[in-house]
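Subject: Structure handover

Hello,

Here is the structure for you to look through. Please open it first, then read my notes below.

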Amino acid sequence: MINITIPKVDVTITKQAAPELSHIYGFTDFHLIPRDRGGIFIFYNSKEELLFVGKARKLRPRIKKHFEDSVSPIKEHRDEVTRIEVCIIEDAVHREIYETYIINEFKAKYNIDKVFFK
């Protein structure tokens, strides 16, 4: 059996209740997410349920795209996201492994690719 340890969370941003300057679904701290670093990101709802896990070579633009894109798997559920966690992982193979592991081990609600549970 292979043991995979989930990487530590480097950045966590939460949705603000009544943000004054919110351009992305109530999240005001996008500047805390690295723009030019790779890693994985994890979306949670207010009940601490895992909604979606993704990976990116450039984290900030990819996460923002999920809130703007018309083809994002979470496009119908963007309002549900209340917390975003980011783990910096530069190696592309490691990102792939962590993303697949987290999706399946914790049963991400809106991931449709890489799902081995039903």
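Start with one definition: two rings of Phe, Tyr or Trp (its six-membered ring) pair if their centres lie within 6.5 Å. Keep in mind that this is a predicted model.

**The aromatic cluster**

By that rule, the structure holds 7 aromatic pairs. Ring pairs join Phe27, Phe30, Phe41, Phe43, Phe52 and Phe67 into a cluster. A pair of aromatic rings is described by the distance of the centres and the angle of the planes.

Take Phe30 and Phe67 as an example. Their ring centres are 6.4 Å apart and their planes stand at 85°, so this pair is edge-to-face. The label follows because planes over 60 degrees apart count as edge-to-face. Now look at where the two residues sit. Phe30 is in the loop between β1 (11-14) and β2 (39-44), while Phe67 is in helix α1 (residues 59-68). The pair therefore ties together parts that are 37 residues apart in sequence.

Are these two residues buried or exposed? Phe30 has 2% relative accessibility, so it counts as buried. Phe67 is buried too, with a relative accessible area of 4%. The cut-off for buried is under 20%.

Next, compare the rings of Phe41 and Phe43. Their centres lie 5.5 Å apart and their planes are at 40°, so the pair is tilted. Phe41 and Phe43 are both buried.

**The overall layout**

The protein has 2 helices and 4 strands. What order do they come in, starting from the N terminus? The elements run β-β-β-α-β-α.

The strands make an open sheet of 4 strands with antiparallel pairing. The order across the sheet is β1-β4-β2-β3. β1 and β3 stand at the edges. Each has a single partner strand, so one side of each is left without a neighbour in the sheet. On average, neighbouring strands of this sheet are turned by 15° against each other, direction ignored.

**Strand by strand**

Strands of a sheet pair through backbone hydrogen bonds, either parallel or antiparallel. Walk across this sheet from β1.

- β1 pairs with strand β4 (residues 83-88) in the antiparallel sense, over 4 bridges. Ile13 has Ile84 in β4 as its bridge partner. Thr14 stands opposite Arg83 in β4.
- β4 and β2 run antiparallel and are joined by 6 bridges. Here Ile42 stands opposite Glu85 in β4.
- β2 and β3 pair in the antiparallel sense over 6 bridges. Ile40 has Lys55 in β3 as its bridge partner.

β2 and β3 also form a hairpin, with 5 residues between them. Find Glu48 in the turn: its phi is positive, at about 65°.

How well covered are the strands? In strand β3 (residues 50-56), 6 of the 7 residues are buried, so by the under-20% cut-off the strand is mostly covered. β4 is mostly covered as well, with 5 of its 6 residues buried.

Arg83 lies over the face of Tyr44, at 4.0 Å from the ring centre.

**The helices**

α1 lies across β2, β3 and β4. It runs at about 35° to β2. Helix α2 (residues 92-105) packs on the sheet and touches β2 and β3. The direction of α2 makes about 170° with that of β3.

Look past α2 for Lys107, which lies in the segment after that helix. At 49% relative accessibility, Lys107 counts as partly exposed. Lys107 and Leu50 are 57 residues apart in sequence, yet 7.3 Å apart in space, C-alpha to C-alpha.

**The whole chain**

Which radius of gyration does the protein have? It has 14 Å. A compact globule of 118 residues would have one near 13 Å, so the value agrees. The C-alpha atoms fill a box of roughly 50 × 30 × 25 Å, taken along the principal axes. Of the 118 residues, 42% count as buried.

Best wishes

Terms used
Residues numbered from 1 in each chain as written. Predicted model: local features only at pLDDT ≥ 70, side-chain atom pairs only at ≥ 80, totals over all residues. Heavy atoms only, no water. Phe/Tyr/Trp six-rings, centres within 6.5 Å; stacked < 30°, edge-to-face > 60°. Buried < 20%, exposed > 50% of the residue type's maximum accessible area, 1.4 Å probe, protein only. Lys NZ or Arg CZ within 6 Å of the ring centre and 35° of its normal. Pairing = 2+ DSSP bridges. Axes fitted to C-alpha atoms, helices over the stretch in contact; angles between N-to-C directions. Contact = heavy atoms within 4.5 Å. Rg over C-alpha atoms; globule rule 2.2 N^0.38 Å.
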